[in-house]
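Hi there,

Here is the model I said I would pass on. Have a look at it first, and then read my notes below.

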There are 2 protein chains.
Amino acid sequence: MSRTGAIVDEPAKPKRTRIQRERRELIREAALEVFSQHGFRGSTIDQIAEAAGMSKPNLLYYFKSKEAIFVTLIDRLMEAWLAPLREMNADGDPATEIRSYIRRKVEMARDFPRESRLFANEILQGAPRIMPLLEGELKDLVDEKAEIIRQWIRQGKLREADPHHFIFAIWATTQHYADFDVQVRAVLGPEKGGESRFEDAAAFLEKLFLG
Amino acid sequence: MSRTGAIVDEPAKPKRTRIQRERRELIREAALEVFSQHGFRGSTIDQIAEAAGMSKPNLLYYFKSKEAIFVTLIDRLMEAWLAPLREMNADGDPATEIRSYIRRKVEMARDFPRESRLFANEILQGAPRIMPLLEGELKDLVDEKAEIIRQWIRQGKLREADPHHFIFAIWATTQHYADFDVQVRAVLGPEKGGESRFEDAAAFLEKLFLG
DNA sequence: GCAATTTTTGACCGTTTGGACAATCGTTAA
DNA sequence: TTAACGATTGTCCAAACGGTCAAAAATTGC
């Protein structure tokens, strides 16, 4: 009731020093690298510590457990993940809005593949840590945007289609280029698999969803 | 040179008894359940053994290591995985062939989600065990079918689009309903997330790719 | 029925892992 | 200068893990 206030989890007074902020960020970066490659269970604290250039006990001085690192990563990730969809504007031109959304998602697949894989891994394992978020914030956001798309369709500005599955299809196709990158590159081969593959994908997807 | 013949891996003479065949199949089923939920590193031999209703040493009597179980699973999986694409027939009606392919892939997402997740997991981790297959057999198959699609497009039977990315898009969207199932159900909610979601998805995807 | 073979298990082993701890080292501010 | 506090590390531990082994139990072939 008095000073501490919070019976719940997070530290009541983070009050981080400069070094703490820097080191925690350094650890997050290293952990992202390791977790996205090996998954949660497949990664060890030692690996993360080495990638961050510090000893294991030192890392555990900044994060009290492996789980704690993972959770802060997921938290940050979800923010960035929802942002592009949030920006879809009901008052904008439908084709332009959809096109922008696709472009941003492809750019994210290109520029933040580790984040995408981390997210995919979490969902694959049954989303044990973010289930409430999926059923709450995410569902609400999708429902809201689906309604916008439904109106665009009603106005004849977009092709007839189920808005929810429309959004799923954009997610699936764009994230595919991050999550299944090795397969994409293996199949395209050295010639077509160069860095142009993201531009090719974006062009293809625009046509697919708007053409 | 003489009797053994194979310098390579697999046992020259499997010569399995009835019990061995049954038990090995039982173990594969249990391993599929466990691996697809927790990934390779996240699964333990004990978990698999318990799921198969036997002791750990007993399981190791049938498969010499955890890795060995995983490998036979992947092998079987890849066969089933390539089959639908193999069936795409150059002499058939393009729309019908694509429609059938999409339907089969959606059915596989519905009926074999564990296999899909196992595969996704392997690719996510960089496909350490199936890279040669991706660059060889898979690439060849995709190139062959892409050529067929290219001709269909040239004949005006399909919309203009890059055949490789066209195939990727079908993979991504259909497998999404297996790999990201928890997210799909969370977003659709109890009403729309019932078992009809696969039929809805199939209908949506047909329109998307052929409409 | 019995010997040979296959199947099953309890006990065990070395290694890896997440994490705790106390001691040390560095920094800072009075 | 020094006391207080922040940062770092070597050492250690208990649990979990993959896998072995010898011996027991069950099955099979005669």
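**Helix α9 of chain B**

Helix α9 (residues 181-192) of chain B spans only 13 Å between its end C-alpha atoms, whereas a straight helix of twelve residues would span 16 Å at 1.5 Å a residue. The expected span here is 1.5 Å times one less than the number of residues in the helix. Helices (H or I, at least four residues) and strands (E, at least two) are DSSP runs, numbered from the N terminus.

Before going on, some bookkeeping: this is a predicted model, in which local features need pLDDT of at least 70 and side-chain atom pairs count only at pLDDT 80 or more, while totals for chains, interfaces and linings use all residues. Residues are numbered from 1 along each chain as its sequence is written, chains are lettered from A and ligands numbered from 1 in the order in which they are written, and side-chain values use heavy atoms, with hydrogens and water left out.

Back to α9(B): its buried residues are B:D181, B:V182, B:Q183, B:V184, B:A186, B:V187, B:L188 and B:G189. Buried means under 20% relative accessible area, exposed over 50%, and partly exposed in between (1.4 Å probe, protein chains only). The cover over these buried residues includes α6, α7 and α8 of chain A together with α6, α8 and α10 of chain B.

**Helix α10 of chain A**

How far apart are the end C-alpha atoms of helix α10 of chain A? They are 20 Å apart, which agrees with the 20 Å that its 14 residues (197-210) should span at 1.5 Å a residue. Buried in α10(A) are A:R197, A:F198, A:A201, A:A202, A:F204, A:L205, A:E206, A:L208 and A:F209. In chain A, these buried residues pack against α5 (94-111), α8 (163-179) and α9 (181-192). In chain B, they pack against α8 (163-179) and α10 (197-210).

B:S116 is in helix α6 (residues 113-124) of chain B. Is B:S116 buried or exposed? B:S116 is buried, at a relative accessible area of 1%. Its contacts (heavy atoms within 4.5 Å), leaving aside neighbours within four places in sequence, are B:W81, B:Q175, B:A178 and B:D179.

Most residues other than glycine have a negative phi. A:A127, however, has a positive phi of about 55° although it is not a glycine. A:A127 is in the loop between α6 (113-124) and α7 (131-154) of chain A, and is buried with a relative accessible area of 0%. In chain B, B:A127 has a positive phi near 55°. B:A127 is found in the loop between α6 and α7 (131-154) of chain B and counts as buried at 0% relative accessibility.

**What UniProt lists**

An unreviewed UniProt entry lists "domain: HTH tetR-type" at residues 21-81 of chain A. UniProt positions are given in the numbering used here, feature names are shortened, and annotations may be inferred rather than shown by experiment. Over residues 21-81 the chain is 85% helix and 0% strand, with the end C-alpha atoms 23 Å apart. The unreviewed entry also places the feature "DNA-binding region" at residues 44-63 of chain A. That span is 70% helix and 0% strand, and its end C-alpha atoms lie 14 Å apart.

**The DNA strands**

Of the 18 residues around DNA strand C, A:K66, B:T17, B:N58, B:Y61 and B:Y62 come nearest. Sugar and phosphate account for 55% of the atoms of DNA strand C that come within 4 Å of the protein. A residue is near a strand if one of its heavy atoms lies within 4 Å of it.

Polar contacts are pairs of N or O atoms within 3.5 Å; within protein, one must be able to donate a hydrogen and the other to accept it, and residues adjacent in sequence count only if both atoms are side-chain atoms.

- the side chain of A:K66, with an N or O atom 2.7 Å from a phosphate oxygen
- the side chain of B:R23, with an N or O atom 2.9 Å from a phosphate oxygen
- the side chain of B:N58, with an N or O atom 3.2 Å from a sugar or linking oxygen

Around DNA strand D there are 19 residues, of which A:T17, A:P57, A:N58, A:Y62 and B:K66 come nearest. A polar side-chain atom of B:K56 lies 3.0 Å from a base nitrogen of DNA strand D.

Best wishes
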